[in-house]
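Visitor: I would like to learn how to read the features of a model such as this one. Please take them one at a time.

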Amino acid sequence: MDTMRGALERARMLVGMEVDEESAPEEQSFFDDRLYGFAICLAAGLTCTFLSMLVFFNPVKFGVTFTLGNLMALGRVIQEM
């Protein structure tokens with residue numbers, strides 16, 4: 001997390017933004033956790049949805065993987081709220 005925060009600060013300096021050294025680390029950590037949760041749910045949901053296409057002719061496996069992919073996609077939306 002510290003490397004990501006450092007990279008973000010360097011990017012801000014490159015584009016001319018001021019780096020706020022007094023910012024609350026809890027706020028950034030909470031945002032980082034939500035962003036990681038969003039990315040993980042998105043990747044897992046898309047993976048399950050695409051894997052369901054591989055087992056399209058087996059109805060049980062298709063139903064389970066497609067449903068799991070959609071639930072993870074909904075988890076991604078709920079994570080953002």
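Visitor: What share of the contacts with a separation of 6 or more comes from residues 24 or more positions apart?

Guide: Such a share tells how far along the chain the contacting residues lie from each other. In this predicted model, residues 24 or more positions apart account for 51% of the contacts with a separation of 6 or more.

Visitor: Which pairs give an example of positions separated along the chain, with a distance for each?

Guide: Gly75 and Cys41 are 34 residues apart along the chain, and their C-alpha atoms are separated by 6.5 Å. Gly75 has its place in helix α3 and is partly exposed, at 24% relative accessibility. For Ser52 and Val64, 12 residues apart, the C-alpha separation is 8.1 Å.

Visitor: How many helices and how many strands does the protein have?

Guide: One counts the elements and then reads their order. Here there are three helices and zero strands, and the order from the N terminus is α-α-α. Helix α1 spans residues 2–14, helix α2 residues 25–54 and helix α3 residues 59–80.

Visitor: How confident is the predictor in these elements?

Guide: Start with the whole chain, then go element by element. The mean pLDDT of the protein is 78, and 65% of its residues reach 70 or more.

Visitor: Which residues does the UniProt annotation "transmembrane region" cover?

Guide: An annotation comes from a record, and the model can be read alongside it. The UniProt entry, which is unreviewed, places a "transmembrane region" at residues 35–57. In the model, that stretch is 87% helix and 0% strand, with its end C-alpha atoms 35 Å apart.

Visitor: Is Ser52 buried or exposed?

Guide: The class follows from the relative accessible area, with buried meaning under 20%. Ser52 is at 0% relative accessibility, so Ser52 counts as buried. This residue lies in helix α2. Leaving aside neighbours within four places in sequence, Ser52 is in contact with Phe62, Thr65 and Phe66.

Visitor: Where do the polar side-chain atoms of Thr49 and Ser52 lie?

Guide: For a polar side chain, look at the distance to a backbone oxygen. A polar atom of the Thr49 side chain lies 2.8 Å from the backbone oxygen of Gly45. The backbone oxygen of Thr49, in turn, lies 2.5 Å from a polar atom of the Ser52 side chain.

Visitor: How many aromatic pairs does the structure hold, and how is such a pair described?

Guide: A pair of aromatic rings is described by the distance of the centres and the angle of the planes. The structure holds three aromatic pairs. One of them joins Phe56 and Phe57, with 5.4 Å centre to centre and 80 degrees between the planes, an edge-to-face arrangement. Phe56 is partly exposed at 47% relative accessible area, whereas Phe57 counts as exposed at 79%.

Visitor: Why is the pair of Phe62 and Phe66 stacked?

Guide: Planes under 30 degrees apart count as stacked. The ring planes of Phe62 and Phe66 are at 15 degrees, with centres 5.4 Å apart, so the pair is stacked. The two residues are four apart in helix α3 and therefore separated by about one helical turn. Phe66 is partly exposed, at 29% relative accessibility. Taken together, ring pairs link Phe56, Phe57, Phe62 and Phe66 into a cluster.

Conventions: Residues are numbered from 1 along each chain as its sequence is written. Side-chain values use heavy atoms; hydrogens and water are left out. Contact means heavy atoms within 4.5 Å. UniProt positions are given in the numbering used here, feature names are shortened, and annotations may be inferred rather than shown by experiment. A polar contact is a pair of N or O atoms within 3.5 Å; within protein, one must be able to donate a hydrogen and the other to accept it, and residues adjacent in sequence count only if both atoms are side-chain atoms. Rings of Phe, Tyr and Trp (its six-membered ring) pair if their centres lie within 6.5 Å; planes under 30 degrees apart count as stacked, over 60 as edge-to-face and the rest as tilted. Buried means under 20% relative accessible area, exposed over 50%, partly exposed in between (1.4 Å probe, protein chains only). pLDDT is the predictor's confidence in each residue, from 0 to 100.
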